[in-house]
There are 2 protein chains.
Amino acid sequence: MVESSKTEKDKFIPIARPDLPDMGDIKEDIETILKSGMITNYEFVRRFEKKIAEFLNVKYAACVSSGTSALMLAAKALDLKGEVIVPSFTFSATAHALVWCGLKPIFVDAERDTFNIDIEKVKEAITPRTSAIVPVHVFGNPCKIDELEKLSKENNLKLLFDSAHAFGTSFNGKKVGGFGDAEIFSLTPTKVLTAAEGGVVTTNNRETYEQVVLDREYGKQPNYDCKTIGISARMGEFNAILGIHNLAKLDENIKRRKKLYDFYKSELEDVKGISFQKINSSAHCSIKDFAIIIDKNLFGIDRDELAEALTEEKIGWRKYFYPPLHRETAYGNMNNRGDALPNTNFISDNILNLPFFTALKTNDIVRICNVIKKLQH
Amino acid sequence: MVESSKTEKDKFIPIARPDLPDMGDIKEDIETILKSGMITNYEFVRRFEKKIAEFLNVKYAACVSSGTSALMLAAKALDLKGEVIVPSFTFSATAHALVWCGLKPIFVDAERDTFNIDIEKVKEAITPRTSAIVPVHVFGNPCKIDELEKLSKENNLKLLFDSAHAFGTSFNGKKVGGFGDAEIFSLTPTKVLTAAEGGVVTTNNRETYEQVVLDREYGKQPNYDCKTIGISARMGEFNAILGIHNLAKLDENIKRRKKLYDFYKSELEDVKGISFQKINSSAHCSIKDFAIIIDKNLFGIDRDELAEALTEEKIGWRKYFYPPLHRETAYGNMNNRGDALPNTNFISDNILNLPFFTALKTNDIVRICNVIKKLQH
């Protein structure tokens with residue numbers, strides 16, 4: 001495909017764009033649900049759950065309405081109480097879901113290189129009130145899962161992975177999904193695997209799974225007597241149709257993302273003042289995002305100035321995660337540990353996410369990187 | 001359409017079936033969202049919200065992921081605290097949503113004839129800890145809205161209508177949606193208006209609306225700083241496409257439901273031991289359900305025996321709402337006022353919902369009613 005440079009220059013490059021089927025790929029399935037009238041939490045959702053469990057090599061997968069509800073349901077199923085240790089460098093939903101479950105998120109610092117939770121800081125944050133650790137695989141880069149499993153066992157804590165970003169990521173040759181007591185995934189449009197909206201709880205524990213399945217539909221037993229106070233978190237059949245289609249293409253899409261990621265890095269690695277997230281060496285990362293850290297002293301302008309310049313050039317960006325949770329208004333009075341989280345503050349204040357999605361073209365990456373290179377001085 | 005009686009007799013009649021478009025009606029819209037990549041909470045959702053507000057003649061409508069999340073978001077936006085008065089004769093989500101918001105539902109009795117909340121009992125349940133009344137328009141039959149508005153004003157209580165069942169219902173010539181401080185609707189497949197999954201918060205109060213809009217997406221402000229601890233409750237674009245289509249047909253569908261309802265009643269009104277919900281005389285009811293109350297002494301068999309007999313004849317049914325909330329396991333220890341709710345106990349123990357949906361045929365109703373008439377002795 002050849003595009004004139006004029007067209008290319010004028011075209012806005014979004015920060016993300018979902019992988020979606022063509023109408024022809026899913027028309028028959030949509031007709032099936034419209035004709036049958038079974039349009040929510042039915043056979044396509046069951047099929048999607050089966051395929052997810054197979055793909056991740058985990059015993060149980062429960063599809064729900066969102067990653068946030070997945071986390072609420074998993075926290076409830078694991079009967080968490082009191083304090084839960086989470087990174088501050090994560091999306092707000094990680095902590096929000098816990099608060100809705102009556103839990104107190106305790107924010108700890110990140111590793112400066114991997115952006116993931118710092119296990120030494122986790123150790124320091126454990127108190128008699130701690131019931132669980134909820135680590136996050138930031139941008140799909142897995143945490144030191146083995147060390148977290150060891151630590152949680154030693155301290156008799158539950159371990160619930162917020163794998164919202166990490167569908168398709170492996171650690172030590174094993175796909176995330178079956179680690180800890182449970183894991184949750186998000187399927188929103190910015191994710192490597194999307195179902196428009198949706199979430200998944202995965203676990204190898206039958207009781208946990210059954211509790212999630214009960215609670216995703218009000219806690220309602222077959223005789224309509226609610227055993228628990230659940231929520232309304234069914235996944236619709238249309239969402240499952242999208243998800244099934246996208247899962248079939250996922251391996252191919254992840255390969256493409258790896259290629260784009262390597263190309264991006266090769267274009268920028270010699271630029272002074274730009275550094276990257278360090279991917280865990282035990283990992284095969286499905287790569288949700290491409291982020292750079294700007295060192296103003298070496299690069300010449302700061303992160304915010306770079307973002308403004310990219311906007312001028314019709315290039316999308318995101319400051320992600322900025323602000324970090326411990327500095328959000330919603331958490332400002334609850335858990336303000338600003339000075340205790342220097343790495344989180346550093347990453348959050350200097351990070352910029354660049355356009356990254358499967359359908360991104362290498363010549364778009366060249367255009368983006370050329371703009372960045374010209375700004376360095 | 002002529003069907004052989006054999007085919008007809010062998011065919012299972014479900015309790016409900018959603019009104020859905022044909023593929024041809026929505027194909028173009030689905031192609032639009034697949035091509036644009038904008039598949040959640042975007043232009044179709046905005047259009048659906050606008051059309052809902054116009055249809056209900058209310059200033060603001062916010063589409064969300066479910067009726068339950070609508071109620072959680074509305075209760076949070078209205079800043080409810082402490083105790084909230086609700087009927088026990090309702091679906092579990094009415095109380096569940098309040099509990100997730102840290103509120104204590106106080107269950108009060110129903111009127112024996114309308115199945116709706118008994119206003120005298122509401123008065124008795126008001127304490128200094130009461131912050132709101134959440135009445136329910138059971139099966140679409142509106143409560144005594146004027147009296148509830150008067151009572152809530154006199155006692156400085158918020159009034160939040162659970163109108164999950166009542167889209168299209170009017171009271172004193174005015175559509176429900178703009179009464180009280182806010183109202184919520186559910187759009188699940190059993191509702192008069194469905195979007196597969198979904199909910200709506202409607203209100204004439206700008207602040208309430210803006211709070212719901214903020215909280216349905218994590219409480220996240222445009223600069224990504226969360227002002228509040230919101231939830232993840234976006235409506236997908238596919239759901240809005242379904243909803244827009246169905247809303248355009250709603251008046252026609254409600255007319256059809258009224259005709260079916262009258263026909264059902266005319267078939268059963270002379271059967272000894274069967275009585276019906278009394279529709280509010282100030283109402284135009286959009287009729288979500290058709291329910292009968294079985295008096296065993298006059299009918300000859302009880303509700304449970306009738307249900308079993310209908311199953312034998314391949315006729316769907318639902319005991320709805322059974323058990324009532326104050327007798328559910330989830331609420332058994334929290335709020336057990338069993339003896340204080342005699343009407344609720346009576347209705348719940350003797351009610352049976354019969355198949356009722358827009359596409360139901362009159363000859364199906366004849367078949368159902370003939371089975372019932374033969375059982376009476």
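Modeller: Happy to! This is a predicted model, and chain A has 15 helices and 13 strands.

Colleague: How compact is chain A for a protein of 377 residues?

Modeller: Let's compare two values. The globule rule gives 21 Å for 377 residues, and the radius of gyration of chain A is 21 Å, close to that value, so chain A is as compact as a globular protein of that length.

Colleague: What box do the C-alpha atoms of chain A fill?

Modeller: Here we take the box along the principal axes. The C-alpha atoms of chain A then fill roughly 70 × 55 × 35 Å.

Colleague: What percentage of the residues of chain A count as buried?

Modeller: A residue is buried if 20 or more other C-beta atoms lie within 10 Å of its own. Out of the 377 residues of chain A, the share that counts as buried is 56%.

Colleague: Now the helices. At what angle do the axes of α3 and α9 of chain A cross?

Modeller: Two packed helices are described by the angle between their axes and the distance between the axes. In chain A, α3 covers residues 43-56 and α9 covers residues 237-248, and their axes come within 8 Å. α3(A) passes α9(A) in a left-handed crossing. The angle between the axes is roughly 30°.

Colleague: How do the residues of that contact between α3(A) and α9(A) divide into nonpolar, polar and charged?

Modeller: From α3(A) come A:Phe44, A:Val45, A:Arg47, A:Phe48, A:Lys51, A:Ile52 and A:Phe55. They meet A:Glu237, A:Ala240, A:Ile241, A:Gly243, A:Ile244 and A:Leu247 of α9(A). Sorted by kind, the residues of this contact are 9 nonpolar, 1 polar and 3 charged.

Colleague: Let's bring in chain B. What kind of axis relates the two copies?

Modeller: Two copies of a chain are related by a rotation about an axis and a shift along it. Chain A can be laid on chain B by a turn of 180° and a shift of 0.0 Å along the axis, with an RMSD of 0.0 Å. The copies are therefore related as by a two-fold rotation axis.

Colleague: Which residue of chain A has the C-alpha nearest the axis?

Modeller: We look for the C-alpha in chain A nearest the axis, and it lies 3.4 Å away. That C-alpha belongs to A:Trp100.

Colleague: Which helix gives the largest share of the side of chain A that touches chain B?

Modeller: The contact takes 46 residues from chain A and 47 residues from chain B. On chain A, α2 (23-36), α4 (67-77), α5 (92-100) and α13 (329-332) each supply at least two residues. The largest share, 5 residues, comes from α5(A).

Colleague: How do the residues on the side of chain A that touches chain B divide by kind?

Modeller: The same surface serves both copies, as 100% of the contact residues of chain A recur in chain B. On the side of chain A that touches chain B, the residues divide into 21 nonpolar, 15 polar and 10 charged.

Colleague: Is A:Thr188 buried or exposed?

Modeller: A:Thr188 sits in the loop between β8 (182-186) and β9 (199-203) of chain A. Leaving out residues up to four places away in sequence, A:Thr188 touches A:Gly67, A:Thr194 and A:Glu197. A:Thr188 has 22 other C-beta atoms within 10 Å, so A:Thr188 is buried.

Colleague: Which residue does a cis peptide bond join to A:Tyr320?

Modeller: Most residues other than glycine have a negative phi, and most peptide bonds are trans. The cis bond here has an omega of about 10°.

Terms used:
Residues are numbered from 1 along each chain as its sequence is written. Chains are lettered from A and ligands numbered from 1 in the order in which they are written. This is a predicted model: local features need pLDDT of at least 70, side-chain atom pairs count only at pLDDT 80 or more; totals for chains, interfaces and linings use all residues. Axes are lines fitted to C-alpha atoms, for helices over the stretch in contact, and angles run from 0 to 180 degrees between N-to-C directions. Helices (H or I, at least four residues) and strands (E, at least two) are DSSP runs, numbered from the N terminus. A crossing is left-handed if the near helix is turned anticlockwise from the far one by less than a right angle, and right-handed if clockwise. Two residues are in contact if their C-beta atoms, placed from the backbone, lie within 7 Å. Ala, Val, Leu, Ile, Met, Phe, Trp, Tyr, Cys and Pro count as nonpolar, Asp, Glu, Lys and Arg as charged, and the others, Gly among them, as polar. Copies are superposed by least squares on the C-alpha atoms of residues with pLDDT of at least 70 in both. The radius of gyration is taken over C-alpha atoms; the globule rule is 2.2 Å times the number of residues to the power 0.38. A residue is buried if 20 or more other C-beta atoms lie within 10 Å of its own, exposed if 12 or fewer, and partly exposed in between; C-beta atoms are placed from the backbone.
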